[in-house]
Amino acid sequence: MTAEKSSTPVECEEFQQQLPEIFDSGVSIADHPHLKTCALCSSLVRDLEYIAAQAKLIMPIHDPSPAVWDNIQSALQQDGKQGKDRA
Amino acid sequence: MIKNTLQTNDSAAPSMPVQPLTSEARPMQQQQRRNPPIAGELTAIANAQQGDGAAFEILYNMHKRRVYSLCLRMLGNVAEAEDLTQEAFLQLHRKIGTFRGDSAFSTWLHRMAVNVVLMHLRKKGLPLVSLEETLEPSQEDGPRKDFGTRDLRLSGSIDRVTLERAVEELPPGYRMVFVLHDVEGYEHNEIAGMLQCSIGNSKSQLHKARMRLRSLLKENAEGGTGA
């Protein structure tokens, strides 16, 4: 893809340094003036938004195996027994 | 006996007079909107604080999946993830008496799990891509001249499985912030609290994580198409 681009590298650098704050601000990034003239930064923003959107679809993994709770119980019982012995 | 200091707000609790929203209270309300207390959770916490084993088991069953998910996403290894899940809940058992309800319980528990994971990674000597690193832009963060060569959405090759694999390839420090923010939905102020870094640092790490993922996904997509 050969993107037409009239923005200067300095403008791109400034824009990209602001990106973490812009993303977090909740304002519509699509309306940013730089994106109206810079195809490269527009593509970057599209990709980063896409990645963030896909991440939300990653679901919790399944439960840990029952052995985890069994081990926790054993450790707690052991702790309790040692506490009584010390008393 | 540990004194129960929880301000219970279970639905079964008597209604309290509505207090004006203070600036201190606002973040807590935001957290509760996103992480609303699970039905019966506050009662279980209060009972577990009194040493009730059955109540602790209820809390384990409520939160085991999210804690385990965090551990597994950070470690990519079932056995280690299960060990650290166990360790996180043992720490919870030791410290539950200190939970005062200043933040959502799940956030508090996640902070504990995050610490267990970070300790483990440090013991293993894995580079975290320092969470303490400054916000000075590195070369990696500078403007890239090669972007725009492929639109991930257009490539059609990026799905959840591919993204999960790419996340596993992130350095642990980036991965932690990405998982907490983009996957688990925590806010930067909560992540900063969990990782004991500044909010700006959390934002910066997240941005770097997404940039790194973009590179990884592009490499993957180009490899997949034989480019």
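Student: Which residues of H9(B) are called buried, and what makes them so?
Tutor: In helix H9, residues 188-195 of chain B, the buried ones are His188(B), Glu190(B), Ile191(B), Met194(B) and Leu195(B).

Student: Why are the buried residues of H9(B) said to line one face of the helix?
Tutor: Viewed down the axis of H9(B), they fall within an arc of 155°, so they line one face. An α-helix has 3.6 residues a turn, so residues three or four places apart point the same way.

Student: What makes the buried residues of H2(B) a group on the same side of the helix?
Tutor: In helix H2, residues 41-49 of chain B, the buried residues are Leu42(B), Ala44(B), Ile45(B), Ala48(B) and Gln49(B). The arc that they cover around the axis is only 160°, and therefore they lie on the same side of H2(B).

Student: What covers the buried residues of H2(B), and which residue follows this helix?
Tutor: The cover includes H3 and H5 of chain B. Gly51(B) follows H2(B), with a positive phi near 95°.

Student: How many helices and how many strands does chain B have?
Tutor: Chain B has 10 helices and 0 strands; from the N terminus on, its elements run α-α-α-α-α-α-α-α-α-α. Of its 227 residues, 38% count as buried. Among the contacts of chain B with a separation of 6 or more, 73% are between residues 24 or more positions apart.

Student: Into which domains is chain B divided, and what shows that they touch?
Tutor: Chain B is divided into domain 1 (35-123) and domain 2 (147-224). Their centres, taken over C-alpha atoms, are separated by 24 Å. A contact requires C-beta atoms within 7 Å; 9 residues of domain 1 of chain B are in contact with 11 residues of domain 2 of chain B, and therefore the two domains touch.

Student: Which elements of domain 1 of chain B give two or more residues to the side that touches domain 2 of chain B?
Tutor: They are helix H3 (53-75) and helix H5 (105-123) of chain B. H5(B) gives the most, with 5 residues. By class, this side of domain 1 of chain B divides into 4 nonpolar, 3 polar and 2 charged residues.

Student: How many residues of chain A are in contact with chain B, and which element gives the largest share?
Tutor: The contact joins 37 residues of chain A with 36 residues of chain B. Helix H1 (9-25), helix H3 (39-55) and helix H4 (66-86) of chain A are the elements that give two or more residues to the side of chain A that touches chain B. H3(A) supplies the largest share, 12 residues. The classes on this side of chain A are 24 nonpolar, 6 polar and 7 charged.

Student: In which element of chain A is confidence lowest, and over which residues is the pLDDT below 50?
Tutor: Chain A averages a pLDDT of 83, and 85% of the residues score at least 70. In chain A, confidence is lowest in H4(A), at a mean of 85, and highest in helix H2 (residues 33-37), at 90. Over residues 1-5 of chain A the pLDDT is below 50, although this stretch has 9 contacts in the model beyond near neighbours in sequence. Where pLDDT is low, the predicted coordinates should not be read in detail.

Key:
Residues are numbered from 1 along each chain as its sequence is written. Chains are lettered from A and ligands numbered from 1 in the order in which they are written. This is a predicted model: local features need pLDDT of at least 70, side-chain atom pairs count only at pLDDT 80 or more; totals for chains, interfaces and linings use all residues. Domain bounds come from an automatic or database domain assignment. Helices (H or I, at least four residues) and strands (E, at least two) are DSSP runs, numbered from the N terminus. Ala, Val, Leu, Ile, Met, Phe, Trp, Tyr, Cys and Pro count as nonpolar, Asp, Glu, Lys and Arg as charged, and the others, Gly among them, as polar. pLDDT is the predictor's confidence in each residue, from 0 to 100. A residue is buried if 20 or more other C-beta atoms lie within 10 Å of its own, exposed if 12 or fewer, and partly exposed in between; C-beta atoms are placed from the backbone. The arc is that of the directions from the helix axis to the C-beta atoms.
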